[in-house]
Each structure stands twice: as structure tokens, then as C-alpha cells.
Amino acid sequence: MPLEFRQGKGEDGKGKKTRHGPGNQARTARIDQRQVARLHRSQARKQQKPYGRAFPLAQKAVTGGCPRIFDSAAQRRKAGKPPCAACAFQIAHKGDSLRIREAMMTTDFAATRAQFHLPDGIIYLDGNSLGPLPKAAAGRVARAVTEEWGNLLITGWNKAGWMDQPIRLGNRIARLIGAAPGTVVLGDTLSIKVYQALASALEMNPARRVILSDTGNFPSDLYMAQGLCRTLGNGYVLKTVAPEEVDHALDRTVAVTLLTEVDYRTGRRHDMAAITAKAHAAGALTVWDLAHSAGALPVDLAGTGADFAVGCTYKYLNSGPGGPAFIYVAPRHADAARPALSGWLGHEEPFAFDLTYRPGGGIERMRVGTPPVLQLAALEASLDIWDGVSMADVRARSIDLTEQFVRGVEAACPALVLASPRDPARRGSQISFRHPQGYAIMQALIARGVIGDFRAPDILRFGFTPLYTTHADVTGAVRVLAEVMAKALWDRPEYKMRARVT
Ligand SMILES: Cc1ncc(COP(=O)(O)O)c(C=O)c1O
């Protein structure tokens, strides 16, 4: 994908008649962004490296490496090379680095934002819990209802391609999580997919009995593991250790690790590559929960050698409430993994109506029952937006947004304690702060149009979703939060009454 310099990206995506037309921000930029783009182009041409490959973002976050030519500043220093021209330019214009980075991106985030329905007067920082409505989703779902269900009736399974949808859309998600086509399928809920992946992985390591997880994992994952152990009996146990202890606990009793890459409460991120390598060296298989990773940061399932992965689509992937989950099985296991939830659509020939289960080929066997066609139609509308997006750009912008938020809140709200790792390379795309009155503070914020959420016992959670979150959103959220804290606006009985969903 060539580096395309785009002018006129509006902060809020509004007020632009054309996608690439000149905008105020570009006009008033103190640096010549075209010069940066030109430098990158010529530099990359010299090095003959392709544009558009995912840059290892964690490395970029740590080293300040150049995202267009794939050499980190540190690698170049080691090789005795000077920084690339664009990085040198960036170093010389430190104060403008944010604007330069944005100019270097190939993803037009103003254009992606314009494709979501975002209610007026709301700053939405909860896309890590439920993504907003893609504008095209209502029309796409209406079409599935009226034209497909309405007119095609049952012939829609063939004529509208409903039966292939879980694989077709799985392939589009695969790109976002570093998986090969044909390795991801959609369906069921994430809890179900956790069970399915875990059961298959355990069966593939029959001499061992321990599932290793951590205390930061999402409770449903732990509950599913506990339920599975109870069903299996025969000495199967779930062992949970502190997240930072996982490494040390990986001994020769562990059959499978069950870990969520990004902690749902704090945003702390496990090193997937390192843990997967260590697990394999210890003879264990890995199941990764990508609920807070898919669409939040670059994931490299194929590169890390992960065995199984699961995730949901209603958070960063914006499929709507109740959207289906996905499951990934590494190609080397796909024909060996046996599904414990052996439903008819995972059968080799569902319409043979055999009385005995025979698993389908590859990832198809991880299907269970009838796919949620209407919800998949909504997901399709969201994936149309994702198709034009570079995960490297998402990560770069996510880091910029989260850093801005941390700086702003820490400067304005000394009573809030940062619960997320300070180093952006060690966290996902959310920022959490602790406060004993976290619930009431969040309700006061929501009442003022800033939507995040609360996780017991004391976590205020804010999600940063570059597809539609802007720097202006961050500035506005910090301002409202500062006022809520400075004037103790949270201290009202109605903000302390817990609702069913927090
Ligand atoms: C990390 C993680 N795992 C599992 C789940 C459970 O997902 P579901 O309700 O779709 O089963 C969630 C829900 O938010 C989650 O965040």
C-alpha cells in the first residue's frame, strides 16, 4: 500500500466537503507535512522496503522507530547508520511530532470517524466495551431483514450466502489479528469459544492436567475453565497466579495457558510472543483471549505461533450488542483439534444428517449451530470500515490518544491514581484510573456526556478507539473530569446507586 499523503483531516471529521481537500488544521500546520511524506518516500525507495507491512508497534513505542521503513532508531544506531531522514526531521521538530506522525499515516481517521453514528454532545470512551453504530449497519441489517429474510425466505441460506458468512467475515477479521485466511470462524459468544478452545487444547495435551491462568483474567474465562474441569474430572485443575507470575508458573505440569492478552480492568498487556514461546518450550499449548486486542492493537497470531485464540466483535470491531465471537486455530492444529461442542454445523457434512459426528475440515469444525445472520450483517458494515485501516496506524494513534489522556488527567486530577501501565508498549488501548468513589465519579461523567465505565472495586475505565476518538475528545473528557473532581460533583446520592450494568 503506497504511502499516501492526505491533506485536510479534520480533528472531528466534520466540516470537510472532500476527504482529501485542504482543511484548517493542515493549512495552519507549522511544519511542511508534504516534506515528511516526500522524505519517507525517497528513503523507503532507497531501502527498497515495501510500504504497508505491519510495523512492530511495541518496538516503535519503545524505540521511536520509524513506522514507514521498518528500521527502529535503535537498530539503525547499532548498524552504525544515521537515523532515517524522516526520523531525523522528526527529531529536529520534536514539538510537532504528533502532527508529523499523523501526516505519516495511511489511514484517514477523519474518514473512518465520519462513518460512525456518534450522538451529538457525547464523548464516547467506551468502545472497549461496546463499539458505536457504524452508519451503514442499519441499512445493511434492514437489507438482510427485508430483502434477504423477507424476500428470499429460507433460500437466503444459499442465495444470500448466509451459510458462508461466518468464514467469510472470519477471513476479514483474520487480517486484523495476524492470522492466515481460513483460520478464523465466527459464531456463539466469547465464553462459549473459550470453552471450545480450551477443551480442544486440553485434549491435545493428554498427559497433563493443569490450566494456567492469571488473576487479572476476565472472570467468565475462569468460570468456563472451572466448569470444564468439573465436567472432565480426572484431576483437571485451573491454577491462577498473579499476571506477572505466569512466566515462572509455566512448568511441566501445565497443559494449556488461558490468558487474556490485555487485562480488561487495567489494560496491562501480556507479552504474547514471549509467553507463547515459553509455553511451547515447557510443552504447553496456548489459548489467547483477544477481547481487548482485536481492533485495538496489532496482533500477530501466526508470527507468535499461538495455538488457539478467541475474541469478541462487539467491542473494537463494532458488531453491536450481542455480536458473535470468533475463534482461531493455528493451521498446524486445525485438522487435529477435536471440538467438544460438536454441533451439526461443525460436521463434515451437515446436510448428510449422519447420526455420528465427524468433524469438518479445518476451522469449519469449530462451528456449532446456526449463525446469527442479522448480527453478522451488522458486523459486515463495520468490517467495511476496517478494510481500509492499517493496524500500525491504529496503534500509533492509540498511543498518542492514551498518552494525551494520561498527561491531562494526572495534571488536573491528583486524586486519581493511574491503574494502567505507564509505558504504552505494556498496555492495550484503554486507560484506567483508581478512586474509592470510582462508580459515582463515572456516573457524574456520564451525566455530563463523557461515557466510560466502571469495574469493581474502584476502576474508572476509558477506551481509546482511533477509528472515531479524536484528540479533541480527549481534551474535552479531561476538562469534564477535572471539573467533576475539583468540585466533587460526583458526591450526590443518585450517582452512588449501582445499576445492574456498571
Ligand atoms: C476478556 C473477556 N473475555 C470474555 C468475555 C465474555 O464475553 P461474552 O459475554 O461474549 O461471552 C468478556 C466480556 O466482556 C471479556 O472482556
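Helices (H or I, at least four residues) and strands (E, at least two) are DSSP runs, numbered from the N terminus. By that rule the protein has 20 helices and 15 strands. The model is predicted: local features need pLDDT of at least 70, side-chain atom pairs count only at pLDDT 80 or more, and totals for chains, interfaces and linings use all residues. Residues are numbered from 1 along each chain as its sequence is written.

Start with confidence. pLDDT is the predictor's confidence in each residue, from 0 to 100. Its mean over the protein is 86, and 80% of the residues reach 70 or more. In residues 1–32 the pLDDT is below 50, and the stretch has 59 contacts in the model beyond near neighbours in sequence. Residues 43–72 also have pLDDT below 50, with 61 contacts beyond near neighbours in sequence. A contact here means that the C-beta atoms of two residues, placed from the backbone, lie within 7 Å. Where pLDDT is low, the predicted coordinates should not be read in detail.

Now the overall packing. A residue is buried if 20 or more other C-beta atoms lie within 10 Å of its own, exposed if 12 or fewer, and partly exposed in between; C-beta atoms are again placed from the backbone. Buried residues make up 46% of the 502 residues in the protein. Take the contacts between residues at least 6 apart in sequence: 70% of them join residues at least 24 apart.

Two strands pair if DSSP finds at least two bridges between them. This sheet is open, its order is β4-β10-β9-β8-β7-β5-β6, and its pairing is mixed. At the edges are β4 (184–186) and β6 (237–241), each pairing on one side only. Direction ignored, neighbouring strands are turned by 20° against each other on average. Axes are lines fitted to C-alpha atoms, for helices over the stretch in contact, and angles run from 0 to 180 degrees between N-to-C directions.

Follow β7 within this sheet. Seven of its seven residues are buried. β7 pairs with β5 in the parallel sense over three bridges, and Val210 has Val254 in β7 as its bridge partner. β7 is also joined to β8, again running parallel, by five bridges. There Leu259 is the bridge partner of Trp288 in β8. Phe308 is partnered with Val329 in β10. Helix α12 lies across β5 (210–214), β6, β7 (254–260) and β8 (285–289), running at about 150° to β6.

Which helices supply residues to the shell around the ligand? α11 (190–203) and α12 (219–232) each supply at least two. The shell has 13 residues, and Thr189, Leu190, Ser191, Phe218 and Ala291 come nearest. A residue counts as near a molecule if its C-beta atom, placed from the backbone, lies within 6 Å of it. By class, the shell has six nonpolar, five polar and two charged residues. Here Ala, Val, Leu, Ile, Met, Phe, Trp, Tyr, Cys and Pro count as nonpolar, Asp, Glu, Lys and Arg as charged, and the others, Gly among them, as polar.

Move on to an open sheet of four strands. Its order is β11-β12-β15-β14, with antiparallel pairing. Its edge strands are β11 (417–418) and β14 (453–455), each with pairing on one side only. Five bridges link β12 (residues 430–434) to β15 (residues 459–463), and Gln430 stands opposite Gly463 in β15. Helix α17 (residues 391–412) packs on this sheet and touches β11, β12 and β15; its direction makes about 20° with that of β12.

Finish with the backbone. Most residues other than glycine have a negative phi, and most peptide bonds are trans. The bond from Ala456 to Pro457 is cis, with omega near 5°. Pro457 sits in the loop between β14 and β15. Asp188 has a positive phi, near 65°. It belongs to the loop between β4 and α11. Is Asp188 buried or exposed? Asp188 is buried, because 24 other C-beta atoms lie within 10 Å. Ala488 also has a positive phi, about 45°. Its place is the loop between α19 (471–486) and α20 (493–496). Ala488 counts as partly exposed, because 13 other C-beta atoms lie within 10 Å.
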